[in-house]
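Reader: I'd like to go through this one term by term. Could you show me what we're looking at?

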Amino acid sequence: MTSPPELPPADGEAASAATAPSAIAGAPPSARQTQKEATRNRVIEAARELFDTQGYQGTTIREIARHAKVSVGSVFTTFASKYEILSQVMVNRLDGLHAEFDRVTPHLRGSTADRLRTIFAVHFAFEVRHKRLFLAYIAATYDWTLPPTSTPMGRNRRLQDVIRDCLEKGKAEGDVSPDIEPQEIVDLLMAAYVWIYRLAAWHDADAKTMTAIMDRQIGLIADGFRVR
Amino acid sequence: MMHVATIQAADQNGAKAPTRRALAKQQTRAKVLAAARRLFSEQGYEGATIRDIASAAGMSTGAVFANFADKSDLFREIMITDMVALGEDMRAAARHGDGADGVEETLLRIFTAGYAFYQTQLPLARAAFSVGWSPEDGPALRGSPPVQVLRGLITEQLARGVDRGELSQDAQTALRADMLFDAYLSNYPQAIFENWNLDSLQSRARNQIGILLAGVRKR
């Protein structure tokens with residue numbers, strides 16, 4: 001995995017740790033910073049593997065440190081909490097997915113329903129190998145032993161934006177009813193989508209199965225937004 | 001109608017005269033459950049430990065474990081009690097007006113009964129979502145009989161709509177019921193994280209139901 005671009009620190013503590021003076025204004029990174037960056041990446045990579053195989057609750061910071069071959073102390077100087085590691089893992093993954101969206105979106109054809117089907121098919125194909133990770137992220141949203149740091153799941157703004165754009169385009173082209181409030185459709189689609197993840201994780205469905213169920217659900221939702 | 005049978009069976013068990021020892025055990029369980037409910041509401045599922053629960057109930061950790069296998073067992077018991085009560089509220093809401101006002105209004109009353117039920121205990125609802133999404137406990141919670149009752153209630157309304165000619169024969173009832181149930185659940189985060197009130201939840205649910213039934217509504 002390539003090193004992430006400058007990431008906004010999630011809270012005050014992390015901010016003070018991360019913002020060494022030389023990090024500002026494009027100064028060349030010091031050896032210490034490079035070291036820090038390397039630790040950060042190792043921790044993220046190790047955490048991704050462990051969350052994926054044994055779940056979020058089942059993974060301790062100590063195990064992450066061991067797996068990343070760094071000290072527990074250096075994990076804590078890099079991240080404020082286990083949840084912060086999880087959100088960073090998810091942010092990195094979503095960056096890859098969004099690049100995929102950017103590639104695919106200009107080529108979308110057909111009815112609004114078909115375009116939506118393609119968007120979700122891309123999503124499932126991209127994420128299917130990491131269902132447990134995804135579920136862990138959703139579950140962690142509701143866990144309030146956590147500091148209120150990161151984007152709650154299900155408000156993946158970027159995915160919602162892609163869907164909303166698709167609906168607005170449908171309105172402009174006349175196959176989506178002008179009376180429809182796009183956010184309501186977005187929410188219904190997101191509900192269907194996260195539910196399919198859960199099904200997939202419990203029954204080990206593959207991307208093809210997930211896509212097939214989603215296609216039917218999109219068809220049903222499209223009955224509600226189509227111009228008639 | 002499996003759920004009705006289940007509820008009746010539970011009543012019959014309760015009606016049997018319990019021995020003194022059984023009564024004491026029941027009281028202990030009730031105390032633990034009350035303490036657990038409070039702590040889950042205050043600290044979430046992950047934050048509340050068995051040790052804290054025991055101490056809040058004024059008993060030893062051992063006494064808690066004598067009654068419940070583990071924390072998830074304890075939480076499941078609370079959830080199931082609530083879901084049974086919620087199922088009754090929803091059923092009453094469904095019966096109200098004898099469905100004369102149509103499937104959409106009936107479904108909306110069912111959903112609203114749910115939101116009203118959890119309005120005063122949103123922290124517990126939040127804990128339930130946390131558990132419901134966990135790979136370990138999620139399937140058991142979603143598959144538990146009282147949750148199936150809630151889903152069944154939605155399926156029933158769709159079937160009645162088809163019978164009465166309000167919805168077309170090809171209503172894909174099972175899929176549609178699942179989607180309606182998920183739409184119902186999907187509004188909880190707005191209540192939990194964004195303080196939506198009952199009116200906002202209701203009006204959102206009304207539109208969702210409208211969208212999900214649009215394809216099968218006969219006009």
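Reader: What makes B:Arg204 and A:Asp187 a salt bridge?

Author: The rule asks for a side-chain nitrogen of Lys or Arg within 4 Å of a carboxyl oxygen of Asp or Glu. The side chains of B:Arg204 and A:Asp187 meet at 2.3 Å, N to O, so the pair passes that 4 Å limit. Bear in mind that this is a predicted model, where local features need pLDDT of at least 70, side-chain atom pairs count only at pLDDT 80 or more, and totals for chains, interfaces and linings use all residues. On bookkeeping, residues are numbered from 1 along each chain as its sequence is written, chains are lettered from A and ligands numbered from 1 in the order in which they are written, and side-chain values use heavy atoms, with hydrogens and water left out.

Reader: Which residues are linked with B:Arg204 in a network of salt bridges?

Author: A:Glu184 and A:Asp187 are linked with B:Arg204 in that network. Across the interface of chain B and chain A, the rule finds two salt bridges.

Reader: Why is B:Gln190 called buried?

Author: Buried means under 20% relative accessible area, exposed over 50%, and partly exposed in between (1.4 Å probe, protein chains only). B:Gln190 comes in at 11%, so the label is buried. This residue lies in helix α11 of chain B. Leaving out residues up to four places away in sequence, B:Gln190 touches A:Asp187, B:Asn195, B:Trp196 and B:Arg204, where contact means heavy atoms within 4.5 Å.

Reader: How many residues does each chain bring to the contact?

Author: Chain B gives 40 residues and chain A gives 28 residues. The area buried between them is about 3300 Å², with 65% from carbon and sulfur atoms; buried area is the accessible area (1.4 Å probe) that two parts lose on being put together, summed over both.

Reader: What makes A:Arg158 and A:Asp102 a pair that ties together separate parts of chain A?

Author: First, their side chains meet in a salt bridge at 2.7 Å, N to O. A:Arg158 lies in helix α8 (residues 157–173) and A:Asp102 in helix α5 (residues 82–104), so the bridge joins parts that are 56 residues apart in sequence. Helices here are DSSP runs of H or I with at least four residues, strands are runs of E with at least two, and both are numbered from the N terminus.

Reader: Are A:Arg158 and A:Asp102 buried, exposed or partly exposed, and how do you know?

Author: A:Arg158 has a relative accessible area of 29%, so it is partly exposed. A:Asp102 has 49%, so the label is again partly exposed.

Reader: What separates A:Asp161 and A:Arg164 along helix α8 of chain A?

Author: About one helical turn, because they are three residues apart in that helix. Their closest N and O atoms are 2.9 Å apart, in a salt bridge. A:Asp161 is at 34% relative accessibility, so it counts as partly exposed.

Reader: Why can such side chains pair at all?

Author: Side chains of opposite charge can pair when their charged atoms come close.
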